[in-house]
Amino acid sequence: MKGSDKRILVLSGGGGRGAYHVGALEYLEKVGWQPDVIVGSSVGAVNAAALGSGVSVRGLKSRWMDLTTADVQRMRVDDVLLDNIIRRRDHVFDLWPWPETLMGESRKWRDHPWIRPEVLNGPDAPCEVCVTAVNASTTCLEYFSNRDEGGLRLEHILASFSIPLWYGPAEIDGVPYWDGGTLANTPFRRALELGGTEIVVVTMIPWPERPLHSYERPGYITHIDQELLVIAQELWNAFEPALDGMLTETVWRDYLLFKAECEAGKYPDLKWLTIVAPDHYLTVGLMTHYQVEYHEHLFELGYWDARNDLAEVLPLP
């Protein structure tokens, strides 16, 4: 930190759209802005934990280049249709491959894990990391930090990532939790509570106070190897735009409250809070789909959006 400044980066949820964060991170690295704290929901929690584990921005990009849907969720027709939907009737996909991917325990990921708990929770962790999850018993939003006693564990990251219905809840100490994005998909409020003086918020949904380049949604994800699984993806495609709308309205209402609080002088030490967001809707289905061609597009989009949206507060040298 410079003097009394506290730089906080907020990474929103969005599943497979999380590659967008990488492009924004590349721009922040280019202008020399390094966060003291990273707050993340859902896939934002994953990226935050990776960075807090000492993974460089370049290393995070490399991991996203290699990431496929099968590294995240189990892609078997019998598991999805027979076990999860017909018998259990409480979720669609299992996250069985995801822990091994994150911890580098599968053959593919053995040499490049996303999360290293010994670094993330150690005294030399590059930054504080705070992730969100929703307690399914109390329906309350909770925060977990690598500065807490016991630190951040894999369970906290999995809980923050567990999209209701699409995935089952994840347990933390025997208590079921849902995706933190359910109640705080863009958790900038936590950055304010932690006393941030410079706050960058990266979200993957167009920001309401800015003009849209286009109201159209550029296509739908349907190309999945197993034809019967396309049914599940198409159901998600039908739901995702409505989910986007709900998540946007939630954060927008909170942002309007924040603006009113600023006018009342509530955050005297805050220098600025700036939003990085696309100016158009992303391809429908990307929340639940991971494919290198889309990741490459999101890298570029995130970089240029960050360059445009941060030009006033963090211009290129």
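Colleague: Quick one to start: is Trp 207 buried or exposed?
Modeller: Trp 207 counts as buried, at 4% relative accessibility, where buried means under 20% relative accessible area, exposed means over 50% and partly exposed lies in between, with a 1.4 Å probe and protein chains only. Bear in mind that this is a predicted model, in which local features need pLDDT of at least 70, side-chain atom pairs count only at pLDDT 80 or more, and totals for chains, interfaces and linings use all residues. Residues are numbered from 1 along each chain as its sequence is written, and side-chain values use heavy atoms, with hydrogens and water left out.

Colleague: Which ring does Trp 207 form an aromatic pair with?
Modeller: Trp 207 pairs edge-to-face with Trp 252, at 5.8 Å centre to centre and 85° between the planes. Rings of Phe, Tyr and Trp (its six-membered ring) pair if their centres lie within 6.5 Å, and planes under 30 degrees apart count as stacked, over 60 as edge-to-face and the rest as tilted.

Colleague: And what does that pair tie together?
Modeller: Trp 207 lies in the loop between β7 (198-202) and α10 (229-263), while Trp 252 is in helix α10, so the pair ties together parts that are 45 residues apart in sequence. Helices (H or I, at least four residues) and strands (E, at least two) are DSSP runs, numbered from the N terminus.

Colleague: How many aromatic pairs are there by this rule?
Modeller: The count comes to 17 aromatic pairs. One of them is the stacked pair of Phe 161 and Tyr 167, with 6.0 Å centre to centre and 20° between the planes. Phe 161 is buried at a relative accessible area of 1%, and Tyr 167 is buried with a relative accessible area of 1%. Ring pairs also link Phe 161 and Tyr 167 into a cluster with Trp 64, Trp 98, Trp 109, Trp 114 and Tyr 290.

Colleague: Why is helix α7 described as largely enclosed?
Modeller: Helix α7 (residues 154-161) is largely enclosed by the rest of the structure because seven of its eight residues are buried; among them are His 156, Ser 160 and Phe 161.

Colleague: Switching topic, how many disulfides does a search of the whole structure find?
Modeller: The search finds zero disulfides, a disulfide being a pair of cysteine sulfur atoms within 2.5 Å.

Colleague: What about Cys 127, how far is the closest cysteine sulfur?
Modeller: The closest cysteine sulfur to that of Cys 127 is in Cys 130, and at 11 Å it is too far for a bond. Cys 140 is in no disulfide either, with the nearest cysteine sulfur, that of Cys 130, 16 Å away.
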